[in-house]
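Subject: Model for your files

Dear colleague,

Here is the model I said I would pass on. Please look it over before reading my notes below.

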Amino acid sequence: ENVQTVASLGRLRSFVAEYTGMLVAPSRKMERTAHVQGLAFGFTEFAMLAIWALAFWFGGKEVARDACNFDAMFKAIMAVVFMAMMAGQMQAFAPDAAKAQRGAKRLYLLLEGKKKDDELRERERAKDRPATIRGDVEFCDVEFEYPSRPDAKVLRGLSLKVGPGETEALVGKSGWGKSTAVA
């Protein structure tokens, strides 16, 4: 719908040019960020493969000297490399774990605060509520208008009877006197 309006006014080219101009600065920033991230990824891949190569080179030397057999060398390399990989992966989750811990703390404080608020509200309700309520509530042909607007009647002949333990609902449009009747 909005594109049709722009096109009908003959402003499509100017809007596209303006939008393209607004993308220049963010695109340059993202291009620089992509280069840095690419270099970092390349370095980490190089480091991982270099460690594998170094481990196998050193392990081969040890096997050649009869310091250990091939199975022992291979188990040692796997243990060290996988331990290093797990440590690296755990470091990657450290920021998420910290965020989760902060979120859990905020949630706990929120729930504790709600619990205290609910207790306070219940105490206030208990103070305001009489122990028992007896009797009928009855409106007989009630009329009401606000002193500032005597020409606009809010209640016009409201008649209502509510007995003990009964519930009534007042339904109507805005300004028809529902809140006024309860007040």
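What follows is a short account of the overall form, then of some individual residues.

The model is predicted, so local features need pLDDT of at least 70 and side-chain atom pairs count only at pLDDT 80 or more, while totals for chains, interfaces and linings use all residues. Numbering runs from 1 along each chain as its sequence is written, and side-chain values use heavy atoms, with hydrogens and water left out.

Overall form

The protein has four helices and two strands, taken as DSSP runs numbered from the N terminus (helices: H or I, at least four residues; strands: E, at least two). Their order along the sequence is α-α-α-β-β-α. The C-alpha trace spans about 110 × 65 × 25 Å along its principal axes. The radius of gyration is 38 Å, whereas a compact globule of 183 residues would have one near 16 Å; this radius is taken over C-alpha atoms, and the globule rule is 2.2 Å times the number of residues to the power 0.38.

Of the 183 residues, 7% count as buried. Here buried means under 20% relative accessible area, exposed over 50%, and partly exposed in between (1.4 Å probe, protein chains only). The accessible surface comes to about 16,100 Å², and 62% of that belongs to carbon and sulfur atoms. Areas come from the Shrake-Rupley method with a 1.4 Å probe; for residues, only the protein chains shown count as cover. Among contacts (heavy atoms within 4.5 Å) with a separation of 6 or more, 25% are between residues 24 or more positions apart.

Val16 lies in helix α2 and, together with Val3 and Leu12, makes a nonpolar surface patch of about 270 Å². Patches are made of residues with over 30% relative accessible area and no salt bridge; like charges are joined within 9 Å, and nonpolar side chains (Val, Leu, Ile, Met, Phe, Trp, Tyr) within 5 Å. A salt bridge is a side-chain nitrogen of Lys or Arg within 4 Å of a carboxyl oxygen of Asp or Glu. Val16 counts as partly exposed because its relative accessible area is 47%.

Glu62 is also in helix α2, and counts as buried because its relative accessibility is 16%. Leaving aside neighbours within four places in sequence, Glu62 is in contact with Ala67 and Cys68.

Asp66 sits in the loop between α2 (12-64) and α3 (70-128). Asp66 is not a glycine, yet has a positive phi of about 65°. Its relative accessibility is 69%, so Asp66 counts as exposed.

Strand β1

Asp141, in strand β1 (residues 137-145), is another non-glycine residue with a positive phi, near 50°. Leaving aside neighbours within four places in sequence, Asp141 is in contact with Gly157, Leu158 and Ser159.

Cysteines

How many disulfides does the structure hold? The number is zero, a disulfide being a pair of cysteine sulfur atoms within 2.5 Å. Cys68 counts as partly exposed because its relative accessibility is 26%. Cys140 counts as exposed, since its relative accessibility is 53%.

Regards
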